[in-house]
Amino acid sequence: MQFIETRGNDGIKPQSVTFSQAILSPSASFGGLYVPTALPSLDKAFLESHLSSHYKVLALDFLQKFGIDIDKEVIQAALDRYDAFDDASNPVPLAKIEEDCFVSELYHGPTRAFKDMALQPFGYILSKLAQQKNENYLIMAATSGDTGPATLETFKNQDNIKVACLYPDGGTSDVQRLQMVTEDGKNLKVIGVKGNFDDTQNTLKALLASEDFKKELQDRGIKLSAANSVNFGRIIFQIIYHIHSYLELVRKGEIQMGEKIYLVVPSGNFGNALGAYYAKKAGLPIEKILISSNINNILTDWITKGEYDLTTRTLIQTESPAMDILKSSNVERIMFDKFGPVRTKELMEALERDGKYQLTDAELEMLRKDFDASFSDDVTCETVIGKYAKKGYIMDPHTATCIRAYEKLRDKPLKTVIYSTAEWTKFSPTVAKSLGKSVEGDIEALQWVSEHAHVRIPEMIHALFAKPIVHQVVVEKDSIKGEMLDFL
Ligand SMILES: *Cc1c(COP(=O)(O)O)cnc(C)c1O
C-alpha cells in the first residue's frame, strides 16, 4: 500500500511513499498529510470470518490486508501490548447504557485514555523501525492532556527514540499532569508551557519550522517524527476498534450482520472520527458518524454549515479539555478524500491566510452523507454524568458530550455506539461536581466518587500521587528552544 499527499506533490518529495516512510517522516508537501491510496475491503466475508476473533487477530488481519511494509513479527509484538490492558481477552469492552445505546470503552490501557489504543502499538513499531534503520528520532508532542502521557508511556526507554512533550500549564487535570511529570525514562523530557493548548501547539509548530533548530538536530544526527494524529501510524490503529465495536454488537445478538448502526465520536483533532470514516468507506455498515464537541464547536459549524472560521473564535477552556481544539488536523484528510488535492490545498491555504473558509453547498452535501454533528456545554455534560450515574454508569465529561448527539441527531431507530475516550478517573473533580459534591483536588474527588458511586480507582492512578516528580520545568514560550537543546 502506497501513501500520497493531501495537498498534492511539490516535485521534491517522492510521488508516493510506503507506510514506514509515512510514519517516520509524516510531513508531506506544502504542509499536507499522508493518506492511503486505497483501503482494504471490510466486506461481509471479512466481518463474518472475524466474528469470534480476538481483538489482536482482527487487528493483525486488518493490518496485513492493508499491506503495510512492517514485518509480521513486529506487528504481532506491537499488538501484544494490548495484553497489558485491563482484560487481555478483550481490550475494548462494550457496555449497554440504553436499549439501543452502547458505550465502547477505549480507555482500558495504561494511561486511561483512548490514545493508548493507537500509541501503544505505534510506539513499538516506530522504535523498531528506527532501530532497524540505525537512525535516531525525536518525537515532539504538544498535548492538551491525553496525548502526552500516552506518548511518554509508549516510548519510555525505547531505543533510538527521544520524546519531548509540551503541555499547557494549568490546562490539564492533576492526574494528567502527574502522569507526565512523574514519568521517568532516560529518553523523556516534559515541559510545561505558559498558555493554552493552541498556544502550546503553535509554539511547537514554530520550533519545528525554525531553520536553526533543524540545523541543531541535523548536527546531532537526529531526525524528526511525530506521534500526534497527523501521523498515519496512529490513524491505522484507530480504524480497528470501530470494526471491533460492530462485531461486539453482532456477537451480543444486538444486531444482525449487515445491519447499520450509528457511531458517536467525541472529537478534537478528528483522528478517532477519521478512523470511523475509513471504516465506513471500507464497507463497515455505518449509517452515519455523529461528531460531538464541547462549546469549542468549530466542527459542528463545519459539518452543519460548511463553515470553518477561526476569526470569530477564541479557545474556551472547558471540562472536556481534550476537545478544546480549534485547528483540527484530520479534517484535511476528509477533505482530500471528498474533494481531492487541489481543492484541499486551496481550502487549507485559505485557512492559513484568512483564518477561514467556506465549503460550497455541493461539498457540504458530500460531507453530510457521512457525518452529522452537535455539541454540549459543560452544564449539559454535568447533567448527563449525573443522570447516568444514577443508573449505575459513570462516564467522563468527553463521553458525556455524546449523549446529546445520540438523543437529537438520529433519523432512524438504529443501534448506536458512543465512544468513551477517557476513564472518569482523569477528570474526577468534574465527575464529583456532577454528582453533587464540590471538591478541589483530584485525590479528594477520586476518593469521594469511588465511595459514593461504588467504582474502583485503578492501581496506576493511585500510584501517581506517591511517585516523585521528575520534570519540574514550566517556561514561557520563547524559552522552549533552550530547554530542548539542553535535553538533546
Ligand atoms: C484525544 C481525545 C479526544 C479527541 O480525539 P481526536 O481523535 O483528536 O478527535 C477526545 N476525548 C479524549 C478523552 C481524548 O483524549
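I started at Leu138, whose bridge partner in strand 8 is Leu224. I kept in mind that this is a predicted model, where local features need pLDDT of at least 70, side-chain atom pairs count only at pLDDT 80 or more, and totals for chains, interfaces and linings use all residues. Residues are numbered from 1 along each chain as its sequence is written, and side-chain values use heavy atoms, with hydrogens and water left out.

**The sheet.** I found four bridges joining strand 5 (residues 136-142) to strand 8, and the two run parallel. Pairing here takes at least two DSSP bridges between strands; strands are DSSP runs of E, at least two residues, and helices runs of H or I, at least four, numbered from the N terminus. I then read off the whole open sheet: five strands, paired in parallel, in the order 8-5-6-7-15. Strand 8 (222-225) and strand 15 (474-475) each have a single partner strand, so one side of each is left without a neighbour in the sheet.

**Two helices side by side.** Next I looked up helix 9 (residues 211-219) and helix 22 (residues 480-487), which pack at about 5 degrees with axes 11 Å apart. Axes are lines fitted to C-alpha atoms, for helices over the stretch in contact, and angles run from 0 to 180 degrees between N-to-C directions. That makes helix 9 roughly parallel to helix 22 (angles under 35 degrees). Asp212, Phe213 and Glu216 of helix 9 meet Lys481, Met484 and Leu485 of helix 22, contact being heavy atoms within 4.5 Å.

**After helix 14.** My last stop was Gly355, which follows helix 14 and has a positive phi, near 75 degrees.

Conventions. Parallel < 35°, antiparallel > 145°, perpendicular 65-115°, else oblique.
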